[in-house]
Amino acid sequence: MNDNQKSLILKSSSQYPLPQGVKLSYGTAGFRADASILESTVFRVGILAALRSLKTQSLTGLMITASHNKVTDNGVKIADPSGGMLTQEWEPFADAIANSPTPQHFVQLIDEFVKKENIRFDGVRSAKILLGRDTRPSGESLLEAAKQGVYSIVGATGIDMGILTTPQLHWMVRARNKDMKATELDYFEQLSSSFRFLVDLTPNQIKMSKTDDKLIVDGANGVGGEKLEVLKKMLNSMDIEIRNSGKEGGVLNEGVGADYVQKEKVVPQGFHLKDVGIRCASLDGDADRLVYFSVQSNNTSKIDLVDGDKILSLFALFIKEQLSILKMEGDDHVDENYEARLGVVQTAYANGASTDYLRQLGLEVVFTPTGVKYLHEKAAEYDIGIYFEANGHGTILFSESFLTWLNARNNELSSKSKGSEQQKAVLRLLAVSNLINQAVGDALSGLLLVEAILQYKGWSIYNWSELYHDLPSRQLKVKVVDRTAVVTANAETVVVRPPLIQEAINVEVAKYPQGRSFIRPSGTEEVIRVYAEASIQEAADSLANSVAKLADQFLGFGNSG
């Protein structure tokens with residue numbers, strides 16, 4: 001960096017001093033904290049986004065959101081040129097600059113990093129960053145801090161895209177870097193046209209009953225409800241009622257939203273007895289998570305939850321069916337034996353019943369450590385990679401080579417056997433690739449894909465829910481002296497250190513039918529997380545308590561006696 005650039009950063013960063021005693025780390029969700037202490041962090045991430053754009057010679061994104069956190073929190077994260085999350089290699093630098101104590105130290109850190117990464121300030125392209133925020137009241141002033149950060153880099157441009165869902169911003173970054181049109185209207189048009197196309201390919205004999213047509217969506221009093229209102233107008237064939245859209249005066253994520261519904265397994269605010277029998281869905285605060293549920297007829301506060309594992313299972317079943325139709329053909333052509341690799345990616349938190357179901361379908365199921373960045377990376381290794389966490393965050397990735405093959409196959413079938421079942425299967429897969437958001441998990445695109453598949457199969461939410469029955473589970477946490485003392489392997493399912501604890505866990509697990517348990521260090525607090533499941537709830541609770549005692553004996557303060 002030249003002296004002019006250094007002095008510009010020094011001058012602007014002096015206006016955003018780091019609050020005393022604040023220490024933040026860049027996780028899967030970027031930086032998150034109480035909004036009142038975030039201005040300096042967001043300013044610095046504005047600079048980081050501009051440096052990332054210069055390094056990659058591509059457009060990047062910056063989103064201000066705290067997703068499913070309470071309304072007084074906020075956060076900031078970067079969208080890489082692929083539309084995915086910031087590359088993990090840059091996370092330590094993000095931590096370093098966010099916690100840099102003085103403007104002078106901050107400038108020095110940037111200067112050293114720019115040299116190490118060989119970032120050119122005289123390149124062909126100057127930095128360009130798309131900026132978005134959710135509906136939080138603190139978003140406006142934090143967006144201004146982000147802009148000041150961006151403008152501290154000479155020649156950098158920040159394009160304010162206004163209030164968006166997080167997945168919309170990621171989608172726009174990915175699309176623009178592929179030289180596609182990428183306004184918010186383009187996003188809505190791609191989703192709605194792909195959905196209509198997919199629904200038009202539903203077999204004629206299948207028709208859902210009138211009672212199954214209606215969908216009620218809980219918008220978490222956030223940005224998702226607002227955007228679904230726009231999308232609904234473009235989908236006049238769908239009967240969608242949106243509650244908790246944020247207009248009725250409810251509080252963001254308070255007693256509403258996908259995170260609340262999935263964890264508490266109770267109805268969100270605004271749902272009641274007259275909703276029994278109707279298909280319901282919940283978005284989270286920034287619309288990157290989705291779960292479905294139905295209100296129980298015998299208890300108006302309890303729900304039957306259809307979580308991310310079941311969404312994944314529905315998607316995997318549908319895609320496997322389409323690939324099977326493709327294989328049934330008898331035509332002679334060069335690519336007849338093209339074997340698309342379909343992979344399903346889960347974490348150890350996926351319910352064991354879902355994993356068993358997927359394997360019984362003959363699917364390849366692999367595990368990664370907890371965290372979307374690990375799931376996404378693994379899913380990208382397949383022709384079609386599907387990943388979902390139980391919390392409702394996930395998507396489907398299609399490889400470029402497979403999409404090229406599908407398009408060629410479609411052209412071939414158009415000339416030989418137009419309108420055949422094989423061609424319809426090809427068109428369905430292409431429609432899914434356009435409907436699902438391949439940058440990140442997206443509650444709106446996921447919701448439309450669920451609705452299209454339920455129509456295709458003629459299923460109610462009850463048919464879907466009956467795919468398999470979840471094994472009862474329990475999650476606990478144990479306070480420990482040092483969570484880093486736990487080292488795991490095999491996608492966090494086995495403890496390597498400290499020695500002997502894994503053997504002790506195995507002894508406990510063996511006592512219970514369908515028993516499974518693992519421990520892993522928290523990524524955010526000084527605790528060890530315990531997960532256990534078994535054939536009945538009492539057994540899952542008992543196993544979780546036994547393993548929690550072991551964690552306390554080996555790593556904690558010995559409170560469990």
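These legends describe close-up views of one predicted model. Local features need pLDDT of at least 70, side-chain atom pairs count only at pLDDT 80 or more, and totals for chains, interfaces and linings use all residues. Residues are numbered from 1 along each chain as its sequence is written, and side-chain values use heavy atoms, with hydrogens and water left out.

**View 1. The domains of the chain.**
The domain assignment divides the protein chain into domain 1 (3–163), domain 2 (317–438) and domain 3 (473–555). Such bounds come from an automatic or database domain assignment. Between domain 1 and domain 3, the C-alpha centres are 37 Å apart. A separate annotation, from an unreviewed UniProt entry, places the feature "domain: Alpha-D-phosphohexomutase alpha/beta/alpha" at residues 57–90 and 125–178. UniProt positions are given in the numbering used here, feature names are shortened, and annotations may be inferred rather than shown by experiment. Residues 57–90 are 0% helix and 35% strand, with end C-alpha atoms 16 Å apart. Residues 125–178 are 46% helix and 24% strand, and here the end C-alpha atoms lie 16 Å apart. Helices (H or I, at least four residues) and strands (E, at least two) are DSSP runs, numbered from the N terminus.

**View 2. S67, annotated as an active site.**
The unreviewed UniProt entry places the feature "active site" at S67. In the model, S67 sits in the loop that links β2 (60–64) and β3 (73–79). Is S67 buried or exposed? S67 has a relative accessible area of 2%, so it counts as buried; buried means under 20% relative accessible area, exposed over 50%, and partly exposed in between, using a 1.4 Å probe and protein chains only. Not counting residues up to four places away in sequence, S67 touches R32, D134, R136, N253, D284, G285, D286 and D288. Contact here means heavy atoms within 4.5 Å. The side chains of S67 and H68 also make a polar contact (3.2 Å). A polar contact is a pair of N or O atoms within 3.5 Å; within protein, one must be able to donate a hydrogen and the other to accept it, and residues adjacent in sequence count only if both atoms are side-chain atoms.

**View 3. S53 in helix α2.**
S53 is part of helix α2 (residues 39–56). With 2% relative accessibility, S53 is buried. Leaving out residues up to four places away in sequence, S53 touches S58, L59, T60, S126, A127 and K128. N204 lies 151 residues from S53 in sequence and 49 Å from S53 in space, C-alpha to C-alpha.

**View 4. A sheet of 4 strands.**
The strands of this open sheet follow the order β12-β11-β13-β14, and their pairing is mixed. At the edges are β12 (364–367) and β14 (394–398), each pairing on one side only. On average, neighbouring strands are turned by 20° against each other, direction ignored. Axes are lines fitted to C-alpha atoms, for helices over the stretch in contact, and angles run from 0 to 180 degrees between N-to-C directions. Two strands pair if DSSP finds at least two bridges between them. Strands of a sheet pair through backbone hydrogen bonds, either parallel or antiparallel.

**View 5**
Strand β13 (residues 384–388) runs antiparallel to β14, joined by 5 bridges. G385 has L397 as its bridge partner in β14, and I386 stands opposite I396. The hairpin has 5 residues between the strands, and G392 takes a positive phi near 95°. Why is β14 described as largely enclosed by the rest of the structure? The reason is that 5 of the 5 residues of β14 are buried. G394, I396 and F398 cover one side, T395 and L397 the other, and all are buried.

**View 5. N351 in a loop.**
N351 lies in the loop between β11 (342–346) and α11 (352–360). Its relative accessible area is 5%, so N351 is buried. Apart from neighbours within four places in sequence, N351 is in contact with D309, D470, L471, R516, Y531 and E533.

β15 pairs with strand β19 (residues 527–533) over 7 bridges in the antiparallel sense, and V478 stands opposite I528 in β19.
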